[in-house]
Amino acid sequence: MSGQAYQHKAKKSLGQNFLTDRNICRKIVDAITPSPEDHIIEIGPGQGALTEFLAEEELRQLTLVELDDGLADRLVGMYPKARVIRADALRFPWDSLNEEGGCKIIGNLPYNVGSKLIWDIVSKVKTLHRAVFMVQHEVAQRLTAEPGCKAYGGLTAWVRNFAQTRYLFKVPPTVFRPQPKVDSAVVCFVPRPVSDWPESPEALDRLIKMLFQMRRKQLSTILKPHWSEAMAAWFAEQGVSPSARPETLSPEQFRALSMLI
Ligand code: SAM
């Protein structure tokens, strides 16, 4: 791999676990379905394991967002046609992409920031065509869980109000340097049409956080301070028992309920 001659000491604090298996890199890049009209943004390109394959594609634009200065310097030299942005992806103004036309986003995300980044990106980038992220296997299970499953949680309910998710494949620790302690997995996101996004993301965010802070409690107990006739009617109409637990509600039911509080 092109990054191997460079002696970079992996920083644990930046979640630096670099991919060393070219077949897996190719599979991840294929999953974003690159095409000449695409602007592809890669988060955390690191030593260029995925970038190498992205750079081979004919694209409208390739943007690389890397927090590590040393790695960013090197990427500028390696990929002169790419736009390299030295930034913390967690602070990146994702909604500014809405002024730039459509985009696709890809990344082998640092474990410690994966969920937070995905939470922001799916809800802020209205012009997103597709995203492909490698995350911790457990996070991939949460992103793709169905209501009622153990893995179904606040992240699932939030993300699925903005995008459909698909679990693509599992990746073992052995294909990284240094090796992480856990399995990883690749998830594909296809956004729902913006006309189908929640009317009030703020209300949905508040409700999801409130309900999943007390996920073992019954809905009627958690919602007691907000209980109203309209809410009782909604539960009856939806056939949801007030004694059910938060994880049994569908993403759409979270959205509808958030408008009643
Ligand atoms: N894409 C490379 C690969 O697959 O080998 C590197 C992946 S490594 C898991 C995560 C990368 O994200 C590292 O290059 C790290 O420096 C970078 N990174 C960590 N935190 C970041 C942040 N908040 N914003 C942007 N990049 C970040």
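Predicted model: local features only at pLDDT ≥ 70, side-chain atom pairs only at ≥ 80, totals over all residues.
**View 1. The whole protein and its surface.** Residues are numbered from 1 along each chain as its sequence is written, and side-chain values use heavy atoms, with hydrogens and water left out.

**View 2. The fold and its dimensions.** You'll find 10 helices and nine strands in the protein; these are DSSP runs (helices H or I, at least four residues; strands E, at least two), numbered from the N terminus. The radius of gyration is 20 Å, close to the 18 Å from the globule rule for 261 residues, so the protein is as compact as a globular protein of that length. That radius is taken over C-alpha atoms, and the rule is 2.2 Å times the number of residues to the power 0.38. Along the principal axes, the C-alpha atoms fill a box of roughly 65 × 40 × 25 Å.

**View 3. The two assigned domains.** The domain assignment gives domain 1 (12–196) and domain 2 (201–258), with bounds from an automatic or database assignment. Their C-alpha centres sit 31 Å apart. Where they meet, 15 residues of domain 1 are in contact with 15 residues of domain 2 (contact means heavy atoms within 4.5 Å).

**View 4. Helix α4, tucked inside.** Of the 261 residues of the protein, 52% count as buried (under 20% relative accessible area; exposed is over 50%, partly exposed in between; 1.4 Å probe, protein chains only). In helix α4 (residues 114–124), eight of the 11 residues are buried, so the helix is largely enclosed by the rest of the structure. Among those buried residues are Trp119, Asp120 and Ile121.

**View 5. Asn98 and its partners.** Asn98 sits in the loop between β4 (83–86) and β5 (103–108). Asn98 is partly exposed, at a relative accessible area of 26%. Leaving aside residues up to four places away in sequence, Asn98 touches Lys124, Val125, Lys126 and Thr127. Take Lys126: it lies 28 residues from Asn98 along the chain, yet the two C-alpha atoms are separated by 6.1 Å.
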